[in-house]
Structure formats: C-alpha cells, structure tokens
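Keep the viewer open as you read.

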Amino acid sequence: MLKIFNTLTKKKEEFIPVEEGKAKIYVCGPTVYNFFHIGNARPFITYDIVRKYLEFLGYDVTYVMNLTDIDDKIINRAIEEKISTEEVAEKYTAEFFKDIDELRIKRADVYPKATDHIKEMIQMVETLIEKGFAYESKGDVYFNIPQNKEYGKLSGKILEELQASERTATGSGKKNDLDFTLWKSAKPNEPAWESPWGKGRPGWHLECSAMSTKYLGETFDIHGGGTDLVFPHHENEIAQSECTFGKQFVNYWMHNGMLNLNDEKMSKSLGNFFTTREVLGKFLGESVRMLMIQKHYRSPIAYSFERLEEAQSSVERITSTYKRGLEKLNGNLEGGDEVFAQRIEQFKEGMNDDFNTAKGMSIVFEAVKEVNILLSKLNLNETEKNILVGEIKFIEKTDKIFDVILKKEEEGGGKFGEVMKILIKLRKKLRAKKDWELSDYLRDELEKINILIQDTPNGTKWDIKK
RNA sequence: GGCGACGUACCCAAGUGGCUAAGGGACAGCUCUGCAAAAGCUUCAUGCGUCAGUUCGAAUCUGACCGUCGCCUCCA
C-alpha cells in the first residue's frame with residue numbers, strides 16, 4: 001500500500017487515485033528565461049522517480065509539467081539579449097530539454113505553455129469575477145482573498161497574521177494588501193493579449209490552475225513542487241481553482257526539500273548556485289540522480305562536489321556489478337524468480353513509505369553486494385546461479401525507476417573502436433613478453449586522455465571515464 | 001515575531017517502542033594481481049544534539065534547553 005505525505009493534511013495517507021488504476025500528476029516546471037540551476041533539478045528528478053514508481057506499480061500515469069514562457073523575468077531577459085520574449089522562451093526551452101535528457105528524466109506527456117492557454121486563463125478570471133471572488137481595478141484583476149474562507153489551508157497561514165506582516169501596499173488598486181494578481185494590465189512595449197479588461201497578461205499563479213485542469217481534470221491526484229512554492233504559489237492555485245470549479249483541486253500535495261549550498265538555499269536571487277549545465281560538464285547525470293536518491297525527497301540536501309564524487313563512485317559500483325553479472329550469465333536471465341520476488345517485496349516496503357528512495361536504493365546495494373560475492377567465485381552451482389539471476393533481474397527492474405546504471409555505449413564502434421582493439425592487442429603482446437615498462441606506459445598515457453584500462457581474468461577491458 | 005522541518009560513525013544517510021543501529025562514500029590491513037584497477041574479507045557508533053521524564057524496555061514517546069535550515073517577498 002503506497003503512502004504519500006500530503007502537505008494538505010500534514011500526514012502520510014494511503015494513495016487512492018480519483019480514477020482507479022490511473023494517476024494524474026502535475027509538477028511546476030521551469031520559467032524558461034535562463035539555464036536552470038542544480039537546485040531546480042531536484043523536483044524534476046524527484047517527481048520523475050515518483051512517476052516511474054507509480055508506473056512500476058502498474059498505474060497508468062499522466063504526467064504534466066508546465067513551461068512558464070511569459071513573465072517579468074522573461075521580459076527582462078528579452079531586453080537584455082535584445083530579442084523577443086518568444087525567442088527567449090524558445091531558446092531556453094531547448095536548453096531545458098537538453099539538461100533533463102542528460103539527467104535521464106523521462107519526458108512528460110504534455111508540456112503546456114502559458115502563452116498557449118491565455119483563453120483558458122481569461123475564462124477562469126471571468127468566472128471568478130462572476131462568482132464574486134475577484135474584482136477589476138484599472139485594467140488589473142485581483143483575487144479577493146477574504147472572500148475565500150479556506151485560504152491558508154495548505155500552508156497553515158492565518159489570514160490575520162499574514163495581514164499584520166504584509167508591508168504597505170504600493171498605491172495599487174488592491175482592496176486588501178494580500179490580494180494577488182490574476183490579470184496584469186500591459187505596460188507600453190510589453191507583450192500583451194486582448195482581454196475583457198484591456199490588453200494585459202496573466203498573473204503567475206493562474207497558468208498552473210488553468211493548464212492542470214485542462215489536461216488532468218478539475219480534481220486530480222498529485223501536484224508536486226518545491227517547499228518554497230507552498231506559499232504563496234500553491235496556496236493561490238488552490239484558491240483560484242476551488243473558487244472557480246467549486247470542488248477539491250488536488251488530493252495529494254507533494255513538496256520536495258531544498259538543495260543547500262553552504263547551509264543556505266541555493267537560489268538565483270542569492271547568487272549561490274551552479275547551473276545544471278555546469279554540473280553536467282563535470283559529473284554524470286546518473287550521479288546527480290544518485291545524490292538525490294540517497295536522501296529522502298522531503299529533506300534538504302547539502303550540495304557539494306565531494307558529495308557528487310561520492311555519488312559517482314556509487315554509480316560506478318552498481319554499473320560495474322550489473323555489467324559483470326550480465327556477462328557472467330551471458331545475458332541469459334532465466335529463473336531466479338523467488339530471489340527476485342523477495343527483493344521486490346523489500347524494495348516496495350521502502351518505496352511505499354512516501355517514496356523512501358534512500359531505503360529502496362539500500363536494498364539495491366544489498367543485491368549488488370550479493371552479486372559481487374557470487375562473481376568472486378570461480379564456479380557457481382545451480383542454486384547460486386539462480387540467486388545471481390534473481391539479483392540481476394532485480395537490479396535491472398529497479399533501474400527502470402532510478403535510472404542510475406550507465407547505459408551509454410562505449411564508443412566502441414567505427415575506427416575508434418578498431419584502434420582501441422589494436423592498442424589492447426599490442427599491450428597484450430607486451431605483457432606476454434613481460435615488458436611492464438611499455439605496457440604500463442600505454443595504460444598511463446591512455447588514462448591521461450580518460451580512457452581506463454583494466455586487466456581482468458577475462459581479458460583486458462577499456463572504458464571512457466567522465 | 002508567527003508557522004514548519006531537522007540534529008544518527010570521519011562524511012552522507014535509513015531506521016519512529018523490543019532481534020547484533022540498514023546502505024553508500026572515505027580511510028587502514030589482508031586476499032587476488034607483474035604492477036594497477038575492479039572485486040572480496042576484516043576494521044570503522046555499548047551509542048543516535050544536551051538534560052530530565054514516561055515505560056519492563058526509547059535513536060524511536062513527552063518536556064525543557066542548545067544548534068541548523070525553510071516559509072512568511074520573486075523562488076524548485
């Protein structure tokens with residue numbers, strides 16, 4: 001039985017989808033105005049694993065992630081780069097996809113863009129005005145928070161206290177300081193769309209409400225994002241959606257912890273960040289995944305190169321074991337069903353507890369250890385072989401969720417591979433003559449260009465290291 | 001100030017009332033190896049921030065204290 005910690009109730013609850021056998025997930029995606037940083041990568045990886053685990057459990061998953069392609073940051077960026085907002089969005093959307101591919105994140109079913117859903121957003125605003133939850137003021141439309149009795153239920157905020165801490169309104173047309181913008185009137189030279197209130201653009205929170213409803217329904221299962229989005233972003237989404245449609249918006253709210261650098265949240269405004277692109281220049285996407293998997297998604301993670309190096313070692317360990325295991329079995333994975341089933345049970349016990357990936361991964365490493373022990377034996381009897389098959393199947397199966405085993409084919413094809421074959425043959429001859437000096441020289445020189453040579457009982461292997 | 005999360009070995013980290021406190025990484029010794037690498041074995045917390053308390057029994061529950069972080073403003 002899968003349990004999910006629900007921010008709305010602050011409890012772990014059994015997951016019961018709206019429609020049996022189906023899971024509908026919406027995750028807050030990037031604002032495509034720049035490269036995203038490694039802290040932003042956390043929710044992408046977290047919910048990628050949530051999604052893959054639900055698929056593993058047999059759910060038919062619909063996964064939607066928005067792309068915010070119009071807001072202040074994009075407008076500013078367009079001015080900086082002297083190109084249009086569309087060009088900014090297009091450019092950084094392409095970069096976004098490059099990075100998430102490197103991170104082995106499965107593509108969402110839909111990546112709706114805010115600018116493609118202006119009509120839906122305007123409709124919501126009209127409904128909110130009709131129902132008395134919103135009002136227009138000088139071309140802007142605001143959500144009237146005191147009209148929404150349930151406001152604050154997600155973040156646990158109390159209206160009066162929020163009002164007390166709110167700074168003085170800056171001469172806007174708001175009735176209450178806390179009211180947030182649904183529709184923003186256009187300033188000169190800004191991108192704008194026609195609306196019943198004049199030219200303007202949607203407020204930030206609105207797109208998520210409009211687009212999630214369009215693709216997943218008025219009530220859907222899981223909405224994910226970082227804890228820093230709980231208030232006000234998700235609180236406002238709930239307010240808009242529930243006031244518009246008059247029903248529960250989302251059943252399970254999931255929030256991932258922050259990635260910290262030097263004990264502070266990594267964020268663009270603080271300037272203490274590494275872009276994912278930079279990190280991927282030095283480390284494998286699989287290592288970034290490993291780093292995040294080895295900690296529960298709701299806890300903060302302290303980011304450092306040292307931690308990533310550790311994660312990379314873990315990735316190499318599991319990859320090497322898996323490959324050697326397959327080789328030992330000549331790729332023949334017949335049998336091993338009991339061992340496999342046992343491991344899957346242990347694994348599910350961990351993962352069903354609010355996606356405890358750290359626990360799940362520790363079971364995978366128990367299997368890795370078992371495989372290594374078997375591999376260090378010269379001959380395996382039938383029982384041992386059966387265990388080996390079961391463990392390898394288990395590692396392979398869970399890797400469909402974690403995706404940390406290196407799958408990149410060695411660039412062994414073509415002329416390069418042939419040259420490597422010749423070099424290895426040459427080294428074999430040198431070693432046969434016990435010419436250690438030259439054979440070591442060959443190995444050292446290759447290592448300098450990141451080609452690793454390993455002599456194993458089954459012959460010499462080579463690999464390209466990142 | 002209000003709300004919330006957390007503090008487990010050298011580092012990271014799971015465990016939330018009861019078997020020897022998972023797992024990963026680093027270090028050291030040994031085995032294997034021409035040497036490396038990889039792998040195996042061994043070693044690595046009588047103790048889980050501190051102090052009280054509840055209990056037959058607590059890392060796990062309660063209280064106080066100390067420390068760290070997040071949200072309350074754009075933010076993943």
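**Where protein meets RNA**

A polar backbone atom of histidine 296 lies 3.4 Å from a phosphate oxygen of RNA strand B, a polar contact in the sense of a pair of N or O atoms within 3.5 Å. This is a predicted model, in which local features need pLDDT of at least 70, side-chain atom pairs count only at pLDDT 80 or more, and totals for chains, interfaces and linings use all residues. Residues are numbered from 1 along each chain as its sequence is written, chains are lettered from A and ligands numbered from 1 in the order in which they are written, and side-chain values use heavy atoms, with hydrogens and water left out.

Other parts of the RNA are contacted too. The side chain of arginine 431 places an N or O atom 3.2 Å from a base oxygen of RNA strand B. For glutamine 454, a side-chain N or O atom is 3.2 Å from a sugar or linking oxygen of RNA strand B.

RNA strand B is surrounded by 55 residues, the closest being Trp204, Leu229, Lys295, Arg307 and Ser314; a residue is near the strand if one of its heavy atoms lies within 4 Å of it. Of the RNA strand B atoms that come within 4 Å of the protein, 69% belong to sugar and phosphate. Helix α12 (residues 357-375) gives the most to this surface, with 8 residues; helices are DSSP runs of H or I, at least four residues, and strands are runs of E, at least two, numbered from the N terminus.

Finally, look at the open sheet of 3 strands, ordered β12-β11-β13 with mixed pairing, where two strands pair if DSSP finds at least two bridges between them. β12 (264-265) and β13 (301-302) are at the edges with a single partner strand each, so one side of each has no neighbour in the sheet.

Key. A polar contact is a pair of N or O atoms within 3.5 Å; within protein, one must be able to donate a hydrogen and the other to accept it, and residues adjacent in sequence count only if both atoms are side-chain atoms.
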